[in-house]
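Hi,

Here is the structure I promised to pass on. Please look through it first; my notes follow below.

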Amino acid sequence: MRVSDRISRVEYAIRDVMLHAREYQKTGKEIMYLNIGDPVAFDFKTPEHIKRALADALVNDNDYYTDSEGWAELRRSIVSKEKGKKGLELTSEDILVTNGVSEGLDMVMGSIVEDGDQVLLPGPYYPPYSSYAKYYGGSIAEFAIHTDGTPNLDDIRKKITPKSKAICIINPNNPTGEVFSYKSLKSIVDIAAENNLYIICDEIYDEIVFDENFDGIGSVAKDTPVVLLNGFSKTYLMTGLRCGYVCMNYNSRQLDPLRQNIFKLARVRIASNFPVQIAANAALHGPQDHLPIMLQKLKNRRDLVYNRLNEIEGLECTKPKGAFYMFPRIDFKNKWNNDLEFVIELLNSTGVLTVHGSGFGSMGTGHFRIVYLPQEEILNKSMDRIEKFIKDKH
């Protein structure tokens with residue numbers, strides 16, 4: 001039996017590399033997982049008040065279908081966060097609660113992308129943006145980021161064509177940890193407005209920023225067609241619970257067709273998980289004291305990995321400003337043909353599992369991504385193995 005041609009357009013390097021890890025597991029040797037950004041898999045645990053809210057929801061039989069658009073109380077709480085704290089004009093009717101940001105991205109891409117459309121992505125980018133755009137018949141164009149972390153505005157303008165539909169921003173960025181400034185965001189929004197393009201902005205790491213303030217897209221949105229994606233996985237340590245949301249700029253009349261139609265997809269899939277929405281609402285209203293603790297631990301681990309990597313001859317990386325990823329560049333010196341070969345050989349030689357940079361787009365070629373979520377002991381042990389692996393090759 002045939003499957004559709006469009007399924008061949010879907011790739012997800014972060015989990016695809018696990019196929020190689022499973023082969024390595026058969027040897028019985030230890031694997032050090034630096035490939036998936038799941039803090040709850042390490043020593044960052046879901047806050048107790050969130051877990052209690054989830055458990056109480058089940059005990060109180062609040063596990064039935066709620067509104068397809070999302071539980072009304074949670075939608076109001078999201079307005080308080082995204083409008084009250086970050087400046088995006090919203091009402092509850094502009095919000096769709098989803099089973100994670102990935103479902104929200106799927107619904108947005110499915111609602112706006114048609115055959116032949118082009119979507120602009122920052123290079124490098126989080127892989128599902130490319131996969132969903134291509135799945136729905138579109139193509140992608142990567143725009144460059146300057147070495148100082150600012151978007152190359154001339155490159156964005158050069159990449160726009162009559163088929164362009166949207167500019168996507170992941171801020172803070174996965175895989176680089178770069179954070180766009182207010183000025184950069186405003187410039188991209190201005191370009192989108194000039195060319196009648198959607199802005200799709202993913203702010204899932206908005207509270208995980210280390211050395212500067214975070215400016216959300218809402219602070220510069222004005223009346224442009226800005227679609228914000230966010231959720232609870234990272235900031236509130238709810239990765240496996242899967243709760244995200246889509247916000248559509250209330251001030252943009254250009255978004256009215258999307259606003260009127262995207263909820264059809266929500267109704268088709270019935271509803272998001274109601275007990276998890278209750279837990280998400282508790283996350284927004286409950287204690288936030290886990291955040292400074294998490295940030296300090298992550299900052300310490302970021303600095304450890306950054307310093308260790310830059311001491312290794314043959315590697316070079318910039319210090320991330322947010323999220324929990326490092327994206328070092330590899331000096332191949334004819335030792336490896338490409339970054340995928342490097343990552344597979346690193347795994348098979350050392351047990352350290354990372355992700356190849358080309359899995360994050362062509363501008364990620366020659367890099368690999370490290371997740372610095374594990375405890376310092378594991379990170380130091382992993383860095384020792386990476387250092388020895390490269391030293392032996394050189």
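Predicted model: local features only at pLDDT ≥ 70, side-chain atom pairs only at ≥ 80, totals over all residues.

**Around Phe 342**

Phe 342 belongs to the largest nonpolar core, which has 78 residues. Which residues touch the most other members of that core? They are Tyr 129 and Phe 342. There is also a second, separate core. This one has 44 residues, including Val 220, Ala 221, Cys 243 and Ala 280.

**The chain as a whole**

The chain has 13 helices and 14 strands. Its C-alpha atoms fill a box of roughly 60 × 55 × 55 Å along the principal axes. The radius of gyration is 21 Å. That agrees with a compact globule, because a globule of 394 residues would have a value near 21 Å.

Now for contacts. Take those between residues at least 6 apart in sequence: 75% of them join residues at least 24 apart.

**Burial, surface and charge**

Of the 394 residues, 56% count as buried. The chain exposes about 17000 Å². Carbon and sulfur atoms supply 48% of that area.

On charge, the chain carries 48 positive and 53 negative charges. How far apart are their mean positions? The answer is 2 Å.

Best wishes

Key. Residues numbered from 1 in each chain as written. Heavy atoms only, no water. Helix = DSSP H or I, 4+ residues; strand = E, 2+ residues; numbered from the N terminus. Rg over C-alpha atoms; globule rule 2.2 N^0.38 Å. Buried < 20%, exposed > 50% of the residue type's maximum accessible area, 1.4 Å probe, protein only. Contact = heavy atoms within 4.5 Å. Areas by Shrake-Rupley, 256 points an atom, 1.4 Å probe, with all protein chains shown as cover. Lys, Arg positive; Asp, Glu negative; His and termini not counted. Charge placed at Lys NZ, Arg CZ, Asp CG, Glu CD. Core = buried A, V, L, I, M, F, W, Y, C linked by side-chain atoms within 4.5 Å.
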